[in-house]
Amino acid sequence: MPSLSESTHGAVSQLMPGSVIGIVGGGQLGRMMALSAKYMGFRIGVLDPTPDCPTAQVADFQVTADYDDREAIAELARRSDVLTYEFENVDADALDAISDVVAIPQGTDLLRVTQDRIHEKTFINEHGIDTAPWRAISSYEDLVAALEPGEIGYPSVLKTDTGGYDGHGQVVLHSAADLDAIDAADFPPSILEGFVDFAFEASILVSGDGANYVTFPIVQNIHKNNILHVTLAPALISTETARVATDLALRLADGFKLAGTLAIELFVLRDGSVLVNELAPRPHNSGHYTIEACSIDQFDAHIRGIAGWPLPAPVLLSPAVMVNVLGQHVKGTRAAIAAHPSWNFHDYGKAEAKHNRKMGHITILGPDPVALAREVDSTGIWDDLK
Ligand code: AMP
């Protein structure tokens with residue numbers, strides 16, 4: 001096992017090709033991490049309950065068990081030199097319990113902060129970075145008090161503290177009438193956030209080796225039904241907004257002593273100011289464009305960071321648009337392959353194309369991402385999202 005004290009670069013000891021990287025979670029993010037790790041010569045193990053999951057198809061071995069199966073996590077640890085994860089709801093205590101068996105360069109503090117909205121917002125604000133105004137809510141009475149004028153008030157967004165994603169576990173409150181839909185007796189720990197009237201949503205990725213950090217370009221994200229639909233790279237923002245977003249990303253990375261890739265979701269306001277919405281301690285859907293459009297992609301940067309390899313500054317080689325392929329778009333996109341030689345089709349190898357399930361994505365390079373997004377729209381494949 002590589003010892004963290006034998007650091008040869010940054011804060012993470014350098015892993016050599018042939019070493020084994022264990023990934024907790026076997027979806028598309030793990031698959032794309034594994035593909036990056038593979039070309040660098042690493043071997044890959046994955047823990048996932050679904051046999052032949054997207055990551056297992058490109059890995060050396062799979063431990064087929066639930067993510068919270070401690071014996072299975074221990075087995076993955078024993079068979080790996082370094083452990084990482086592709087989603088944030090991993091049992092941090094279970095990882096701590098095996099930290100003497102395997103290196104976990106990202107540590108578990110990053111997980112604990114990002115899997116709990118109260119910890120996350122507190123961490124962000126303590127680093128001098130703005131979020132929407134928010135209050136921790138542990139009871140229905142807390143909620144009623146936080147909705148008073150002069151407090152958070154209306155409109156606002158109530159979000160469960162843990163476990164929410166893609167808009168699940170959240171409800172917008174426009175007026176007192178919306179309180180009727182809330183079950184006062186069964187109230188999970190939550191936060192109430194002021195509703196942000198943003199100009200658009202954006203994100204920035206930052207990657208590190210535990211001591212040195214690099215950022216990717218800021219991109220604009222368009223969601224449909226709370227699921228990312230399109231990413232436009234780069235976002236059309238002023239140099240000052242870009243500077244602020246880059247600066248906050250580097251500050252957060254330093255706060256975490258980040259190893260690997262962290263995604264930061266942003267709200268860009270009409271005056272160009274920026275609020276942080278949430279963090280993801282891993283590569284992110286809005287960063288898939290980096291595979292073709294940047295000099296180093298978010299998965300390469302993640303693997304280099306956890307492997308203690310130095311990170312080059314990412315350069316945007318071409319503007320790009322990335323569009324998600326959900327279950328209902330699979331047929332249409334497969335039929336489109338023959339007509340679009342310049343579209344980069346990615347498919348995650350999932351067995352079943354369920355409605356709204358992320359099955360793949362398409363990245364197109366070109367000087368005008370907005371025009372490319374219109375071209376994508378004009379195919380009719382994504383008409384259900386209009
Ligand atoms: P989240 O799960 O926090 O990423 O929220 C999912 C989506 O809900 C975001 O991408 C926004 O489109 C929207 N949203 C979340 N929080 C707010 C807010 N405070 N104000 C306005 N829209 C929000």
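Reply: Two residues are said to be in contact when they have heavy atoms within 4.5 Å. The model examined here is a predicted one. Leaving aside residues up to four places away in sequence, F42 touches L15, M16, P17, G18, S19, I21, A37, I303, A307 and W309. F42 itself lies in the loop between α1 and β2. Its relative accessibility is 2%, and because buried means under 20%, F42 counts as buried.

Strands of a sheet pair through backbone hydrogen bonds, either parallel or antiparallel. Here, four strands form an open sheet in the order β3-β2-β1-β4, with parallel pairing. The strands β3 (61-63) and β4 (82-85) stand at the edges; each has a single partner strand, so one side of each is left without a neighbour in the sheet. From one strand to the next, the twist averages 25°.

Strand β1 (residues 20-24) pairs with strand β2 (residues 43-47) in the parallel sense over five bridges. In β2, V46 is the bridge partner of I23. Helix α1 (residues 28-39) packs on the sheet and touches β1, β2 and β4; the direction of α1 makes about 175° with that of β1. Helix α2 (residues 70-78) also packs on the sheet, touching β1, β2, β3 and β4, and its direction makes about 175° with that of β2.

Conventions:
Residues are numbered from 1 along each chain as its sequence is written. This is a predicted model: local features need pLDDT of at least 70, side-chain atom pairs count only at pLDDT 80 or more; totals for chains, interfaces and linings use all residues. Side-chain values use heavy atoms; hydrogens and water are left out. Two strands pair if DSSP finds at least two bridges between them. Helices (H or I, at least four residues) and strands (E, at least two) are DSSP runs, numbered from the N terminus. Axes are lines fitted to C-alpha atoms, for helices over the stretch in contact, and angles run from 0 to 180 degrees between N-to-C directions. Buried means under 20% relative accessible area, exposed over 50%, partly exposed in between (1.4 Å probe, protein chains only).
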